[in-house]
Amino acid sequence: MHRRVFGILLFSLLVVCPGQGQPVDLTPERFSFDLGLPYSDEVPAPQEALGYEMGTQFTLYADAVEYLRALAEASDRVKMGTYGTTYEDRSLVYLVLTSAENHSRLDELKRNSRHLSDPASLLAQERERLLQNQPVTVSYSYNIHGNEASGTEAAMQVAYRLAAAQDEATQRILDETVFLMYPAVNPDGRDRYVYWARSMQRAQVATEPNDIVHDEPWPQGRTNHYWFDLNRDWVWNVHPEMEGLTSVYQEFLPQVHADYHEQGYEDHYFTMPGTTPRNPLLPDRYVAWADTFGRANVQAFDHNQVSYFTREAFDFFYPSYGSSYPSVMGGIGMLTEQAGIGAGRAVENEDGYTLTLRQRVFDHYATSFATLKAAVRNRRQLLEYDLRAHSQESNTVETAAYVFPDDDTGYLYDVIDMLRHHGVDVARATEPLQLENALDYRTGERSDRRVDRGAYVVSTEQPRHLFINTLLRRQVSFQDSVMYDMSTWSAPLAYNLTTYSTRNAPEGATEPVTDDPTPRAGVTNPDARYAYVVDWDQRHAPTALTHLWEAGYRVRTAHEAFSTGERSFGAGSLIVLLGRNPEKTNVGAEMQRIAEAATVEIVGLDTGRMADGPDLGSQNNPPVKQPEVGLLVDQPFSTYTSGQLWYLFDQETQLPITRVRASNFEQSATSASRYARYGKARLQDFDVLVLPGGYRLETVFDSTQVNALREWVQAGGTLVGTEESARFLTKQASGLTQVEAVKDTAGSRIGPYTAYAARDDSSGLGNIPGAALDGSVDTTHPLVFGIGDRVYSLKYGTAALKPSADLQTAAHYDKDPDDLLVSGYASRQNLERLAGKSFAGTVEMGEGRVVFLVDNTQYRMFWRGPSRMMQNAVMLVPALVE
């Protein structure tokens with residue numbers, strides 16, 4: 001083994017850069033890892049286990065896990081745990097690194113850390129004992145973006161030192177911290193990148209930026225299996241990677257957390273404190289602590305002459321980052337950003353400097369230990385910060401409680417589950433509640449009101465008040481309209497919930513919620529003689545439709561609401577007529593299976609005559625058949641929107657969709673076939689084609705392809721465009737329809753004499769950076785069945801559609817600019833421009849239709865309120881739009 005390692009190390013020093021004819025030193029001495037430290041011979045070093053020097057090669061995830069497991073087996077300072085598996089069946093692992101003594105009482109130390117986040121549970125004497133003796137809990141998350149690959153490499157080197165080093169400084173870290181490490185948060189994305197990067201490597205390292213190794217193909221490795229950015233999912237826990245990680249996080253509740261990233265390879269290293277806007281609810285001392293840790297990193301970089309910056313970029317406003325979630329949990333959350341995305345093993349920067357993977361690993365290694373050492377130096381003060389952040393003294397919001405009436409149909413239970421997952425205490429009313437001067441989130445007005453028994457109550461008089469107020473407030477104030485992500489994330493708006501907030505505790509009895517609520521599931525009247533009905537207003541009704549199709553049932557859907565007299569059903573409700581499915585036997589039992597699988601209630605009826613609305617056999621209840629659905633992906637379409645749509649149908653709705661490369665569509669547009677071909681499928685083989693958001697769609701659809709699309713729609717196809725693709729389908733862009741787009745004015749506040757330094761700020765003022773706008777819904781339009789009469793639409797940019805007779809508007813922005821903005825930032829000028837404009841609708845074209853969804857309807861799968869529009873567009877609209 002030693003001969004093998006020596007040969008590989010020698011080769012790494014002799015790799016040639018063909019552009020200069022000089023060797024590329026992949027392991028410069030300047031970036032050595034604490035060579036003077038003594039290490040235990042019993043613990044394997046990374047280069048011994050992996051067969052190459054750290055920084056000379058990208059490590060496959062399985063090999064990294066194998067090495068970290070070897071550390072845990074060799075050292076009593078290391079324990080490995082798991083917190084789930086990815087969609088691609090990779091095990092998700094974490095390490096706990098601390099002294100052997102601390103490991104022996106780890107359960108006690110975890111309980112103590114949780115006690116610090118619940119100050120009311122501690123007596124003064126016990127509190128002082130913890131402050132004197134409790135180690136500070138520190139956690140790091142590496143490689144949450146798969147192609148920011150130096151993180152996992154650095155994690156292995158950090159773990160090795162903590163497992164094997166025999167010096168006094170390392171021992172003090174082990175004694176005075178409990179260090180929790182997530183070495184690779186996104187294994188699927190990491191391996192997607194690493195396998196590709198290794199397959200593109202040359203024997204002579206490619207430092208030229210134009211080489212293919214620096215040009216990662218779509219969808220790239222940044223995202224997880226479903227092309228989601230996991231560093232936006234810390235709060236929402238849509239994906240197993242983050243649900244599992246935050247479960248472990250809640251078990252330990254660290255006082256300090258650092259999230260390790262990379263950025264473009266022409267940048268320099270970013271460390272705290274960052275810039276505005278910041279969450280205004282954070283404790284006053286947060287920024288000072290962030291600066292303390294940033295200065296510790298700076299000191300290490302000054303010593304090693306590493307270039308860095310600290311205050312010019314990166315805000316921590318959005319609470320679902322790895323750098324902000326810990327802060328709303330009462331800790332010090334921080335970000336680091338190393339230059340390196342796309343750099344491969346080495347790349348020549350614009351100034352002629354060669355950035356190596358080894359340096360990227362070293363820089364993260366250096367800040368990892370600088371932050372640990374700073375945490376040790378400030379151990380007691382960090383514990384005190386934790387206590388104060390969770391005390392009611394730091395609760396600066398006047399809201400006493402948030403109240404959610406339970407309608408058992410929408411997304412309320414998703415929110416309750418999310419809150420409880422993050423340690424929030426939730427209660428449920430056992431009798432009607434009286435709310436004094438309650439704020440109605442829908443209208444923005446205050447009044448006294450009564451809510452029924454069963455309503456959920458979230459009091460702010462509990463340790464998680466910072467998290468609760470950050471997530472549930474209708475509007476959050478901010479210092480700056482130029483932000484890195486979005487200007488609102490209010491969960492009641494995102495999930496389109498009826499919500500009230502009160503300044504006084506509700507009057508009435510409640511009881512603690514001890515289990516996650518679930519919608520009713522089962523069959524009422526399983527021995528029905530005439531039909532079975534699924535109310536489309538239910539959260540999982542689209543999934544039930546998929547199951548009915550899979551089981552071979554002929555299904556109809558209601559064009560309008562109807563009622564038996566005792567039970568009402570919304571428009572879009574699914575109807576299975578027994579007389580139209582005569583071959584089916586044991587239908588009641590099969591309906592029970594489907595109800596349980598989809599988590600819906602199915603109602604059996606003995607007659608088709610309704611008390612109100614159309615009878616079940618009405619011609620207004622047409623058959624709805626399973627469509628063949630195509631989703632265009634690859635450039636120029638958005639990875640994120642494509643992934644959200646894939647997830648919505650594949651994971652949640654469980655409806656098969658075919659993902660088709662846009663380049664294949666383009667290459668076959670001139671096929672001899674009457675219709676465009678892409679891949680092995682013909683356009684006419686699909687009933688529905690979905691176009692995600694994207695840019696420069698004219699690179700995919702020239703006039704020939706637009707004509708092919710028009711012919712396909714006229715023959716009965718349903719074409720769905722969302723975000724930028726919706727605008728592409730307008731008169732001004734492709735000319736496919738006569739629908740007119742409102743002029744997009746994003747950035748229009750930049751004038752001819754705007755100062756150079758002010759252009760970014762002016763652009764931000766002219767844009768809408770993810771704000772909640774109030775939408776009015778035409779409840780008779782099939783595109784919005786199951787949503788209700790209002791919806792909060794998440795707005796990025798200023799695009800919209802002009803209402804017209806040609807466009808069958810399903811949803812439009814509130815007509816009053818004063819009422820349009822519900823949460824976030826939008827200028828008065830933009831609100832006036834958008835007021836009354838359409839953001840969802842359909843156009844008839846021959847036998848088919850074009851569906852416009854201007855705003856993302858399933859953003860990150862947490863802005864769920866409008867998502868039924870996309871499901872309707874694919875599943876119901878082809879049958880219901882005449």
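These are my notebook entries on a predicted model of a protein, going from the overall fold to single residues.

**Entry 1: overall build.** I began with the secondary structure of the protein, which comes to 28 helices and 38 strands. The radius of gyration is 29 Å, close to the 29 Å that the globule rule gives for 882 residues, so I note the protein as being as compact as a globular protein of that length. Taken along the principal axes, the C-alpha atoms fill a box of roughly 85 × 75 × 65 Å. I then looked up contacts between residues at least 6 apart in sequence, and found that 79% of them join residues at least 24 apart.

**Entry 2: surface and charge.** Of the 882 residues, 61% count as buried, while the protein exposes about 33400 Å², with carbon and sulfur atoms supplying 44% of that area. I counted 79 positive and 115 negative side chains, and the centres of the two sets lie 2 Å apart.

**Entry 3: nonpolar cores.** Which residues have the most contacts inside the largest nonpolar core? I found Trp-236, Phe-467, Phe-701 and Phe-862, in a core of 240 residues. Helix 13, residues 357-377, gives the most to this core, with 10 residues. Apart from it lies another core, of 11 residues, among them Val-533, Ala-558, Leu-577 and Leu-616. Returning to Phe-862, and leaving aside its neighbours within four places in sequence, I listed contacts with Trp-236, Tyr-318, Met-486, Trp-489, Ala-494 and Tyr-495.

Entry 4: I checked helix 16, residues 465-472, and found eight of its eight residues buried, including Phe-467, which I had already met in the largest core. What do the buried residues of helix 16 pack against? I noted helix 12 (325-328), helix 14 (379-390), helix 15 (412-421) and helix 17 (491-494), together with strand 13 (401-404) and strand 17 (456-459). Helix 27, residues 868-875, is also mostly covered, with eight of its eight residues buried, and Arg-868, Gln-871 and Asn-872 are among them.

**Entry 5: Ala-455.** I placed Ala-455 in the loop between strand 16 (446-451) and strand 17. Its relative accessibility is 1%, so I record Ala-455 as buried. Not counting residues up to four places away in sequence, Ala-455 touches Val-403, Phe-404, Pro-405, Asp-406, Ala-427, Arg-428 and Ala-429.

**Entry 6: the loop between helix 9 and helix 10.** Both Pro-219 and Arg-222 are found in this loop. A cis peptide bond joins Trp-218 and Pro-219, with omega at about 5°. Beyond residues up to four places away in sequence, Arg-222 touches Ile-144, His-145, Gly-146, Asn-147, Glu-148, Asn-186, Asp-229, Arg-232 and Tyr-640.

**Entry 7: backbone exceptions.** Most residues other than glycine have a negative phi, and most peptide bonds are trans, which I kept in mind here. Asn-143 has a positive phi of about 60° and is found in the loop between strand 5 (136-142) and helix 7 (150-164). Asp-34 has a positive phi of about 45° and lies in the loop between strand 2 (22-23) and helix 2 (46-50). Are these residues buried or exposed? Asn-143 is buried, with a relative accessible area of 0%, whereas Asp-34, at 29% relative accessibility, counts as partly exposed.

Note on methods: Residues numbered from 1 in each chain as written. Predicted model: local features only at pLDDT ≥ 70, side-chain atom pairs only at ≥ 80, totals over all residues. Heavy atoms only, no water. Helix = DSSP H or I, 4+ residues; strand = E, 2+ residues; numbered from the N terminus. Rg over C-alpha atoms; globule rule 2.2 N^0.38 Å. Buried < 20%, exposed > 50% of the residue type's maximum accessible area, 1.4 Å probe, protein only. Contact = heavy atoms within 4.5 Å. Areas by Shrake-Rupley, 256 points an atom, 1.4 Å probe, with all protein chains shown as cover. Lys, Arg positive; Asp, Glu negative; His and termini not counted. Charge placed at Lys NZ, Arg CZ, Asp CG, Glu CD. Core = buried A, V, L, I, M, F, W, Y, C linked by side-chain atoms within 4.5 Å.
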